[in-house]
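Subject: Structure handover and findings

Dear colleague,

Please find below the structure for your files. A short account of the findings follows it.

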Amino acid sequence: MKKSLSLILALILSLSVLSCFFTAGADAVDIKDATVTVNGYTYDDRYGSPKDADITVVCNGTILSEGTDYTYKTETYDCDKEDCTKLSITVTGIGAYTGEKDESVIVPYDSTGKCGKKARWYADPINKVFMIKGTGAMYNGYISDFNEPFTTLIVDRGITKVSWQNFVYFRNLKYVSIANTVKTLDSYVFWDVGGIEKVNLSKGIEKIGEGCFISNYSLKYVYVPDSVTKISKRAFGYITDDTEEDDDDYAKVKGFTLGGVKGSAAEKYAKKNGFKFIAFKQCSVKALAAKKASFKVKWNKASGATGYQIQYSASKYFVSSKTVTVKGATTLSKTVKKLKSGKKYYVRVRSLKKSGKKTYYSSWSKEKAVKTK
């Protein structure tokens, strides 16, 4: 009898617990109609994409508590805009709340990110300029999810190495400028970018890695400074081509030409790979003097050159600039007039050589600054 009573009491207790459980489940509020407000974002410090969001969830007029009433997760997706990404937020009810609430918001990429131990990238989507600043080497691998709008890449003075595949997803690049502190351009840095048309390699670069500019169909000419002592295979002038049965499925860019100094690594690379080579030296700013609403610049004579160009700008990065062409190999100075008085200008020069109907240019010299009177 006592055993039977114990079993009955245990059954009653179990039913009571189950009743409470189902009653609580039946009373749980579905979170699907809640309002999710995004207050701010946390960005990935390397790639510039939002990785988390600060949110407020309100259900039936009550502000819910994270961890007590809900949990949430975020994911990023591509969107139609070049300077934004889509952030998907999924809120899941817990405790007194049940169900899920999905919210999507368009979030601008961050304007900066870390790309080396002491290096950062900076994005200017308005002017379509992407810049690397800081010191030391860049990390291996692609450096930013924010890459679509940019047509100009500037690697600033202080960076010593541009690393493997750093810019492979920058499909819209047209112009690349590498500062003179960079010693190494690693392998496949600009692999399959495709649209690069002009490259300025400053004197100071020493090594250019395998396939550095491979599959850049629009790149027909590069001047390589005589500071470069090693150019690895297929660094310039090649594209991937699955129709080729030899040479590891690579083909040459039709009409590709290299410029440089006689006896340099550039000339040896051109001869080895069957590319046209244009021999002439670079020039540099010899003197720069301020004058009333003008300046006078002098440069050294460059062997093999048939003329020169002067470029000046209010920006040391020459984002917006003007260029003056000087005809003749013997003219080694020029006064640039009709400028603003009391304004600072950055000035650099380069040599040029005409060959047939084409004109070939050296890399730009290191800039110097002058303030007009």
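Predicted model: local features only at pLDDT ≥ 70, side-chain atom pairs only at ≥ 80, totals over all residues.

Residues are numbered from 1 along each chain as its sequence is written, and side-chain values use heavy atoms, with hydrogens and water left out.

Aromatic rings. Rings of Phe, Tyr and Trp (its six-membered ring) pair if their centres lie within 6.5 Å; planes under 30 degrees apart count as stacked, over 60 as edge-to-face and the rest as tilted. The count by this rule is 23 aromatic pairs. Phe 190 and Phe 213 form a stacked pair, because their ring centres are 4.8 Å apart and their planes stand at 15°. Phe 190 is in the loop between strands E14 (184–185) and E15 (198–201), and Phe 213 is in the loop between strands E16 (207–208) and E17 (221–223), so this pair ties together parts 23 residues apart in sequence. Strands (E, at least two residues) and helices (H or I, at least four) are DSSP runs, numbered from the N terminus. Both Phe 190 and Phe 213 are buried, where buried means under 20% relative accessible area, exposed over 50% and partly exposed in between (1.4 Å probe, protein chains only).

Nonpolar cores. A nonpolar core is a set of buried Ala, Val, Leu, Ile, Met, Phe, Trp, Tyr and Cys residues joined through side-chain atoms within 4.5 Å. The largest has 55 residues, of which Phe 130, Ile 132, Phe 167, Phe 190, Ile 208 and Phe 236 touch the most other members. Beyond its neighbours within four places in sequence, Phe 167 has contacts that include Phe 130, Ile 132, Leu 153 and Phe 190; contact means heavy atoms within 4.5 Å.

Helix H2. Among the buried residues of H2 (residues 265–273) are Ala 266, Glu 267 and Tyr 269. The helix is followed directly by Gly 274, which takes a positive phi of about 75°.

Asp 69. This residue lies in the loop between strands E4 (62–63) and E5 (70–77). Leaving out residues up to four places away in sequence, Asp 69 touches Leu 64, Thr 92, Gly 93, Ile 94 and Tyr 97.

Yours sincerely
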